[in-house]
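Please look over the sequence and the structure below before reading on. The paragraphs that follow go through a pair of helices, then the domains, then the ligands.

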Amino acid sequence: QYTNEELKIKIDELKKKLSVTVVAHFYQRDEVFEIGDITGDSLELAMKTKADDSEFVLFCGVGFMGQSVKVLSPEKRVVMPKIACCAMARMIDSIYYDDSVKFLNDNGIASENILPITYINSNADVKAKVGEMGGMVCTSSNAKKIITKALGEGKKILFVPDRCLGQNIANQMGLKSMVIGQGGDPKEADIICYDGFCSVHQLFTLEDIEFYRKKYPGIKIATHPECDPAICDASDFVGSTSQLINYIKELPQDQKVAVGTEFNLVNRLRPKNTYVLSSTKPECPTMNETTLQDVYDTLKAIDEGEPINEIEVDPKTQKWAKVALERMLDL
Ligand code: 13P
Ligand code: SF4
């Protein structure tokens, strides 16, 4: 019943009164993103929030992001205005993870020769499995660094859940990759990817790239590594959300750029010669679920002493998921 302007004032009042830090990912709606005390890509959010000392973290993003804060800092109270699960994270659980390990075992690769890496876009149960098996987490901004380190151990890499990120890094590094269920011999591959993907980043096509290159000769194409390898190969720049923003900011004023990632982020960079690389609006439905009203309701619940949507992780899962996340942060 309040307008966004009224809600912003009410949220501000509650923020001043309570020990709460509001965290927001770049894909959040503009009005939600604007009230974030901490903003950034997945890696920056995990690191900056870990260093923050408020009693409550109010996380505006998708489930695995809030959960990662709780795993890293179990003493913090983490609440989410909407507990919306990233569609990619939902594609794998601990049972599908075990099946992937079994697939490798059945194909002559013993568990001690597998080094698992999970993209941060996964739930804590999968991170815990990976941690327990000696592996670690990566994000889109550090995947190459993490995989370079992992390869040093001379093992096969099981990469879950994003087949696109896994294949894109393999291509960048001149490594062989395969996707479970799509044929190929794992003994021949350096990186064996689980067949998960982001439906939002699957929207970008080679036809979209051709369209922009024809319409605006000289235009740059910048994409997120969750896009299909064919799209990333045809791009001028590939990077995480923060890396995309920095790349675009550094371009000359008159340089046109078409960007392949979530709509809210790209729209915030317009009109400065920035285009959405898609004929369909690439909105992440779960990121868009959180509204200012939800943020206000969640703050009000804290103020009334009855927090809602609090994230809990069971101790065993927390312990091993933390190991997997900290191995990444230590790098
Ligand atoms: P970043 O780590 O680049 O912020 O990506 C998160 C994400 O969910 C992209 O779809
Ligand atoms: Fe998950 Fe894709 Fe949304 Fe990112 S854009 S949060 S990977 S569904």
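The axis of a helix is here a line fitted to its C-alpha atoms over the stretch in contact, and the angle between two axes runs from 0 to 180 degrees between their N-to-C directions. The model shown is a predicted one. In it, helix α7, residues 143-151, packs against helix α8, residues 163-173, at an angle of about 70 degrees. The axes of α7 and α8 are 10 Å apart. Angles of 65 to 115 degrees count as roughly perpendicular, and α7 and α8 are therefore roughly perpendicular to each other. From α7, the residues A143, K144 and I147 take part in the contact, and they meet L165, I169, Q172 and M173 of α8. By type, the residues of this contact are five nonpolar, one polar and one charged.

The domain assignment of the chain lists domain 1 (4-86 + 287-312), domain 2 (89-197) and domain 3 (201-276). Between the C-alpha centres of domain 2 and domain 3 there are 27 Å. Ten residues from domain 2 and 14 residues from domain 3 make up their contact. On the side of domain 2 that touches domain 3, three residues are nonpolar, six polar and one charged.

Where does ligand 1 lie? Domain 2 and domain 3 both give residues to the shell around ligand 1, so ligand 1 lies between them. Its surrounding residues include N121, T139, S140, H224 and E226. The shell around ligand 1 divides into one nonpolar, seven polar and two charged residues.

Ligand 2 has among its surrounding residues V62, M88, N121, E226 and M287. The shell around ligand 2 holds eight nonpolar, two polar and two charged residues.

Key: Residues are numbered from 1 along each chain as its sequence is written. Chains are lettered from A and ligands numbered from 1 in the order in which they are written. This is a predicted model: local features need pLDDT of at least 70, side-chain atom pairs count only at pLDDT 80 or more; totals for chains, interfaces and linings use all residues. A residue is near a molecule or strand if its C-beta atom, placed from the backbone, lies within 6 Å of it. Ala, Val, Leu, Ile, Met, Phe, Trp, Tyr, Cys and Pro count as nonpolar, Asp, Glu, Lys and Arg as charged, and the others, Gly among them, as polar. Domain bounds come from an automatic or database domain assignment. Helices (H or I, at least four residues) and strands (E, at least two) are DSSP runs, numbered from the N terminus. Angles under 35 degrees count as roughly parallel, over 145 as roughly antiparallel, 65 to 115 as roughly perpendicular and the rest as oblique. Two residues are in contact if their C-beta atoms, placed from the backbone, lie within 7 Å.
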